[in-house]
Every structure is written in C-alpha cells, then in structure tokens.
Amino acid sequence: MKLKFQKIGILGKPKEPSFDKIIIQLADILTALGAQVAFEIDFAERLQTDPMNVFDLDTLCRVSDLLIVIGGDGSILHAARAAVRHDTPILGIHRGRLGFLTDICPQDISTEIPRILMGDYLEEPRFLLEAQLISAAGEAYEPVRALNDIVLHSGEIARMIEYELWVDGVYVCRQRSDGLIVSTPTGSTAYALSGGGPILHPSLDAIALVPMNPHTLSSRPLVVRSEALVQLRIPPETDHLPKVTCDGQVRLSTAVNDVIEIRRYPTPVRLIHPMNHDYFKMLRDKLGWGSER
C-alpha cells in the first residue's frame, strides 16, 4: 500500500540528548515502512546523520510531506511558523510538559506512526496570527507570525504599561495594565488561560483579547471575530515602552506612537492527530477536570 506521506522531516529540541533513543526508533520505523527520512540540521548534528538528509528548518518544511516534531508545545510553535508557509502538516510526539499540541506518547510510536502514514489519521486546520509593527513615520516592518498568541508586555521589569486598543478601526479603550494577550483558539489554553481568558474551541473563528492585571477592575477578556483587525497604539505620554512577543519566542521593541497591527494569517497550519484524538478528553487530562465517566 502506498504511504500517504512519503517524505518525513524530523525535528525537535537539538540540545535534548534524552530524545536520541526516540529519534532512532522513529527513524527505524519510518525507514522500514519505506519512507524517506530527513532531519533539521541542528537536530541531526548530534546524531551524525548523512548530510544529504539534513536541512535548515525552512528547507525541511519545503521538501517534506509531513513534519514530525519531538518535544513539547514550544517545539510545535517553532515548527508551525515555518511549516505554514509551505502547507506542510505537523505531527507531534509528546516529550514536554502539558503538551496540548503533541498527541503521541513515545510508547505508542510503533503502533500510531504506521497507521498515520497509511492514512488513518485526523487532520485539523489551526489559524495563526500575524503582527506588523508600523512606526510613527509610517514605516511598516516585516510581519511576524504566532500560532498561540501575540503579547504586549512591559518587558523584563514588572510594571504597568499604557496602550490604546482599536478593533476594525473603532476605538475600544485606553488601558493601563501589565499588558494584553491577543490569542488564537490554539493559544487559549496557554498564556491566555493563565491570565483568566476563556478556552476557545479550535474550530471557532475567534480571537481572545485578555488584559493582564488591568488597573480597572471592570476590564474583562473580549472575544472578537478572527477576521478583525486589532490595533494596539503606544500613546505619546507613555513613560515605559512595551515589548511585543509572538509565541513567547519572537520579540519586537516599540517606540512612542507606534501601532501594532494584528490580523489573522491567511493560511492555516495543518495539525495531524491519531484517529482517537478527543479535544475534550485532552482538556480533562491536562487540566485535571475530574474523573471520566
């Protein structure tokens, strides 16, 4: 039977030696099935892999039919921002902490991986956000993407910041708080959840705006449509310039009168799940929502 995915790219945390055994087991299973296996360059250097099968992340996404990410949600977020540009699906093997995005446990690799390569899987699109910084002079910087969230925050110093919030060109409010989390449904179980935001089902076309420790006690999370244009403006009288972080991994600095424009990225990332994937069971397991029936 022809494999659904012929070319498999493997990546994860390059400095995590405990992953080596899993990588070798996974590569052996894939090779036995007749798949072609390639590695991200940082991941492969430690394994002394054939250099013909080693690529940087962007190239690995381009030449692969499927990316298998070994690690936690942070590794998935890192891969997703590159994979979405090439429409390359992602499958996660869980080696992190909570693991909302990584489905397969290492002990299930030998059973689940062959099933998925034969076409026995679920595919789920997840949309990303794109943030673009526009200076007071009108200069637009290179957009950056995030699968979980885009966060306006004070930086290293714990202090309040001030900003204006606009949605679709309509003024919402000026707020003093520790910051604002702009979250996708995927990110609603991450930083936004810790900030008191709602859990959004992944199928929803919505964005959550979650203020962080707002000075006004009546300030509450706001949910808007995913196609909305969210703008955060840095007022001229601010006494502290905030930072912008995307997925906790990409950082931008702001200046007075800058505008951060946040919108839905036009192409979703494709997540691959085993057939027994159950979103609500995952929430019960990860968040400790009592015993099952």
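The structure holds 1 cavity of 30 Å³ or more, a cavity being a set of points on a 1 Å grid over the protein atoms alone where a 1.4 Å probe fits but cannot get out. Grid points are joined across faces, edges and corners, and a volume is the space filled by probe spheres set on the points. The model is predicted: local features need pLDDT of at least 70, side-chain atom pairs count only at pLDDT 80 or more, and totals for chains, interfaces and linings use all residues. Residues are numbered from 1 along each chain as its sequence is written, and side-chain values use heavy atoms, with hydrogens and water left out.

Pockets come next; a pocket is an open set of points with protein on both sides within 12 Å along at least five of seven lines. The largest pocket has about 600 Å³ of space. It is lined by 28 residues, and Gly 72, Asp 73, Gly 74, Ser 75 and Arg 97 lie nearest its centre. Two or more lining residues are given by each of strand S1 (7–12), helix H2 (41–45), helix H4 (73–83) and helix H6 (191–194). Helices (H or I, at least four residues) and strands (E, at least two) are DSSP runs, numbered from the N terminus. H4 supplies the largest share of this lining, 5 residues. The lining divides into 11 nonpolar, 12 polar and 5 charged residues.

The second largest pocket holds about 380 Å³. Of the 17 residues lining this pocket, Asp 103, Asn 276, His 277, Lys 281 and Asp 285 are the closest to its centre. Helix H7 (residues 279–287) contributes the largest share, 4 residues. By class the lining comprises 5 nonpolar, 5 polar and 7 charged residues.

An open sheet of 6 strands runs in the order S14-S13-S12-S9-S16-S17, with antiparallel pairing; two strands pair if DSSP finds at least two bridges between them. Strand S14 (222–225) and strand S17 (250–253) stand at the edges with a single partner strand each, so one side of each has no neighbour in the sheet. The twist from one strand to the next averages 20 degrees, with axes fitted as lines to C-alpha atoms and angles running from 0 to 180 degrees between N-to-C directions. Within the sheet, strand S12 (residues 179–183) and strand S13 (residues 206–212) pair in the antiparallel sense over 5 bridges. One of the contacts is that of Ile 181 with its bridge partner in S13, Val 210.

The loop between H6 and S13 contains Ile 199. Ile 199 is partly exposed at 30% relative accessibility, where buried means under 20% relative accessible area, exposed over 50%, and partly exposed in between (1.4 Å probe, protein chains only). Its C-alpha atom is separated by 11 Å from that of Val 223, 24 residues apart along the chain.

Finally, the cysteines. The count of disulfides (a pair of cysteine sulfur atoms within 2.5 Å) is 0. For Cys 61, the nearest cysteine sulfur is that of Cys 246, 18 Å away. Cys 61 is buried, with a relative accessible area of 1%, whereas Cys 105 is partly exposed at 27%.

How values were computed. On a 1 Å grid over the protein atoms alone, a cavity is a set of points where a 1.4 Å probe fits but cannot get out, and a pocket is an open set with protein on both sides within 12 Å along at least five of seven lines; lining residues have an atom within 4 Å of a point. Ala, Val, Leu, Ile, Met, Phe, Trp, Tyr, Cys and Pro count as nonpolar, Asp, Glu, Lys and Arg as charged, and the others, Gly among them, as polar.
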